[in-house]
Amino acid sequence: MKNVTDSFVSLGHWPSAGSFGFNTDIFSTNLINLSVVLGVLIFFGKGVLSDLLDNRKRRILNTIRNSEELRGGAIEQLEKARARLRKVEMEAEQYRVNGYSEIEREKLNLINSTSKTLEQLENYKNETIQFEQQRAINQVRQRVFQQALRGALGTLNSCLNNELHLRTISANIGRLGSMEEITD
């Protein structure tokens, strides 16, 4: 340390008309060189360093500002997307509710139309049964009537002879004649 202070002290006591020579004390010369280099760097490099730091600071601030703008845009888009999602969910719920009510309505309509169709078919069946019964009854009546007529004709033919036949005709003519007199 004494050498360092001596070198500073010796700097102040240099004779103005002295000889020029080399200082071989390595510690004192390095310290002087270092202080000169640092002084020059600080004096001249202060502006360059300040400009570099200012540029870096501006880029960082711009990046932060851009990030904030992007973040704000992303938040806005997120809110819009959430609003659209809520709207779509409400529409989906409405469609679901409407769909269920429409399904129930269609189901009731189908049940009602099916029951009406079944009722009509039942009525047609009953009408067909009644018609067929009536037709069967009429056919049986016709057959019975035809058989009775055949039987009566057979009985009449077997029982009637010419004389009885003529008497029956005369009696019927007499009745017709008396009916004419009454009507006149």
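Predicted model: local features only at pLDDT ≥ 70, side-chain atom pairs only at ≥ 80, totals over all residues.
## Overall picture

Residues are numbered from 1 along each chain as its sequence is written, and side-chain values use heavy atoms, leaving out hydrogens and water.

The chain holds three helices and zero strands, given as DSSP runs numbered from the N terminus (H or I, at least four residues, for helices; E, at least two, for strands).

## The annotated segment

Let's turn to residues 31-49, where UniProt, in an unreviewed entry, places a "transmembrane region"; such annotations may be inferred rather than shown by experiment. Over residues 31-49 the chain is 100% helix and 0% strand, with 24 Å between the end C-alpha atoms.

Ile42 sits in helix 2, which covers residues 26-159. Ile42 counts as exposed, at a relative accessible area of 56%.

## A pair of rings

Which residues form the edge-to-face pair? Phe43 and Phe44 do, because their ring centres are 4.8 Å apart and their planes stand at 80°. Rings of Phe, Tyr and Trp (its six-membered ring) pair if their centres lie within 6.5 Å, and planes under 30 degrees apart count as stacked, over 60 as edge-to-face and the rest as tilted. By this rule there is one aromatic pair.

Phe43 counts as exposed at 63% relative accessibility, and Phe44 counts as exposed at 58%.

Notes. Buried < 20%, exposed > 50% of the residue type's maximum accessible area, 1.4 Å probe, protein only.
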